[in-house]
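Here is a short briefing for a first look at this structure. Keep the model open while reading.

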Amino acid sequence: MSRGMQAPVILLKEGTDTSQGIPQIVSNINACQAIADAVRTTLGPRGMDKLIVDDRGKAVISNDGATILKTLDIVHPAAKTLVDIAKSQDAEVGDGTTSVTLLAGELLKETKPFIEDRVHPQIIIRALRKATALAIEKIKSIAVHIKKDNPQEMRELLLKCASTALSSKLVAASKDFFAAMVVDAVMILDELLPLNMIGIKKVTGGALEDSMLVAGVAFKKTFSYAGFEMQPKTYTNPKIALLNIELELKAERENAEVRVDSVEEYQSIVDAEWKILYDKLDKIHQSGAKVVLSKLPIGDVATQYFADRDMFCAGRVPEEDLKRTMKACGGSIQTTAQSLTPDVLGTCETFEEVQVGSERYNLFKGCTQAKTCTIILRGGAEQFMEETERSLHDAIMIVRRAIKNDSVVAGGGAVEMEISSYLRDYSHTIAGKEQLLIAAYAKALEIIPRQLCDNAGFDATNILNKLRQKHAQGGTWFGVNILQEDIADNFEDCVWEPAVVKINALTAASEATCLILSVDETIKNPRSGGGDAPAGGRGRGRPM
């Protein structure tokens, strides 16, 4: 007698979406390729820009891979991995975010046929890791080290690295101007090169070339009361008081009640309030400070008081600007006016208020402790200036990396072609599936020079053939020359990048590829409350 059909075992909640096996890996690879396609056209000096409008209608124009991927609201779980590696590349080195996304997408594309032919993912992962280790070893062996003891040579190196980073941005036309500005800005910092000590302020109007670097602190004039215009606007060697105190009469609290029997008593309360304020102001004046900055408001009485005594004051100064002023001019931020001794006051050579476009800026120059600087950017459109700020951020990061790691390689696809050639030759010396997989890795690396050609409208096949021939003949640094529509020795043409950019990009791209290949099942839980659960069907233990 048959025992009848066995009831299905229910493990997961109703409406749970599960998919597994080879179709799942292929589906993840396709999703990642769609991400790579989104940023593909932004690579290189001839790359196009993307205009992204968010849900609030704010427009972002950018060709920085990390910015584009961050702004896109990506929901596919596997594709988010590529967003993460672009973010990590941005945080770690600052540039090469598009390259890392493209490399990961291309590695997945090259491994897809092996997955479809049922090669086990772990074999592919092992080969990719081996190829990455070989590639990084090769980069380290061919990278050129610059001597740090020669400041002139070091500056040249940094300028070339900054120019290369800026050549693919919107501001490429003024890259020499901005490269010099970025290098000067980073050179001002101390050994730790803290990023937050470079302030970037944006003022609409004027041309890009009107942008300037202030060796010290610059911040926008804050809200001011009557009497402000009577204050002097320039000082030489002033003492600077940095405060976190409110210098205005406090308004009575609502529903506060003070019972007085006579006018004299009321007057004594008012007088006490004024006395507290004037005591604070006298203490600040007696300290010898000429410039008074406070994070909290400075009222009209205080403004007039300072103006009468030829002192300058600014209230509601943003905290980061106050901290940068403290780092540059010395002194410390005080929360009371009682102990304004000379050691807590800062100083600088010159303080002035200048007009920049339609804004007024307070500039502290010739700071004694000067380990900080401010870049004031000018430009027409808001979005354009925001993209300029992002471009400068990338260049600053690259210069910092180049100072810390003094080895450089040639850009423009040269280093990728050299590694590709090396791995292809190496793959011929080994047997088994690894041979095919390492050759596939070598082919994937060619995406960078190929995409540079495609974006510039060149014949990619022709240029890649020339490059393969040159690298086979030992031309290590030959890459794509965008200006001549040909190939050239990019090291001689000063298209330089810190080696750490390439090493980081290869490591991140191969890690992401291995991660995506190692996932063979996705389980998506339905939202709680079962709102998204599909309508009842047969199976899953339902009555027939």
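Start at N28, which sits in helix α1 (residues 22–40). The model is predicted. N28 has a relative accessible area of 4%, which is under 20%, so N28 counts as buried. Beyond its sequence neighbours up to four places away, N28 touches H76, A78, I516, V519 and T522.

**Nonpolar cores**

- The largest nonpolar core has 105 residues. Inside this core, I375, L423 and L517 have the most contacts.
- Helix α16 (residues 499–517) gives the most to this core, with twelve residues.
- A second, separate core has 20 residues. L277, Y305, V344 and L345 are among them.
- What does I375 contact, leaving aside neighbours within four places in sequence? The partners include M181, A185, I198, G199, I200 and K201. M212, L213, L392 and I396 are also in contact with I375.

**Helix α14**

- Helix α14 covers residues 447–456.
- Is α14 largely enclosed or open? Eight of its ten residues are buried, so the rest of the structure largely encloses α14.
- The buried residues of α14 are I447, I448, P449, Q451, L452, C453, N455 and A456.
- Those buried residues pack against several helices: α1, α4, α12 (414–427), α13 (433–445) and α15 (460–472). They also pack against β16.

- Three strands form an open sheet. Their order is β4-β15-β18, and the pairing is antiparallel.
- Which strands lie at the edges? The edge strands are β4 (144–145) and β18 (496–498), and each pairs on one side only.
- Strand β15 (residues 407–410) is joined to β4 by two bridges. V144 stands opposite V408 in β15.
- Strands of a sheet pair through backbone hydrogen bonds, in either the parallel or the antiparallel sense.

**Pairings of β13**

- Strand β13 (residues 359–367) pairs with strand β7 (residues 216–220) over five bridges, in the antiparallel sense. The bridge partner of A218 in β13 is L363.
- Strand β12 (residues 346–356) is joined to β13 by eight bridges, and the two run antiparallel. Here V354 stands opposite Y361 in β13.
- β12 and β13 form a hairpin with two residues between the strands. In this hairpin, G357 takes a positive phi near 60°.

**The largest pocket**

- The largest pocket has a volume of about 850 Å³.
- How many residues line the largest pocket? There are 43 of them, and P45, T164, S167, S168 and V495 lie nearest its centre.
- Six elements are listed as giving two or more residues to this lining: α4 (97–116), α6 (151–166), α7 (175–188), α14, β16 (478–481) and α16.
- The largest share of the lining, five residues, comes from α6.

**Cavities**

- There are two cavities of 30 Å³ or more.
- The largest cavity holds about 90 Å³ of space.
- Its lining includes T222, F223, S224, Y225 and F228. P297, I298 and T303 also line the largest cavity, as do C313, A314, G315 and R316.

- R316 has a positive phi of about 55° although R316 is not a glycine. It is found in the loop between β11 (312–314) and α10 (319–329).
- R316 has a relative accessible area of 41%, so R316 is partly exposed.
- C494 is not a glycine either, and its phi is positive, near 60°. This residue is found in the loop between β17 (486–489) and β18.
- At a relative accessible area of 28%, C494 is partly exposed.

**Cysteines**

- How many disulfides does the structure hold? It holds zero.
- Are C329 and C373 buried or exposed? C329 is at 3% relative accessibility, so C329 counts as buried. C373 has a relative accessible area of 0% and is buried.

Notes: Residues are numbered from 1 along each chain as its sequence is written. This is a predicted model: local features need pLDDT of at least 70, side-chain atom pairs count only at pLDDT 80 or more; totals for chains, interfaces and linings use all residues. Side-chain values use heavy atoms; hydrogens and water are left out. A disulfide is a pair of cysteine sulfur atoms within 2.5 Å. Buried means under 20% relative accessible area, exposed over 50%, partly exposed in between (1.4 Å probe, protein chains only). A nonpolar core is a set of buried Ala, Val, Leu, Ile, Met, Phe, Trp, Tyr and Cys residues joined through side-chain atoms within 4.5 Å. Helices (H or I, at least four residues) and strands (E, at least two) are DSSP runs, numbered from the N terminus. Contact means heavy atoms within 4.5 Å. Two strands pair if DSSP finds at least two bridges between them. On a 1 Å grid over the protein atoms alone, a cavity is a set of points where a 1.4 Å probe fits but cannot get out, and a pocket is an open set with protein on both sides within 12 Å along at least five of seven lines; lining residues have an atom within 4 Å of a point. Grid points are joined across faces, edges and corners, and a volume is the space filled by probe spheres set on the points.
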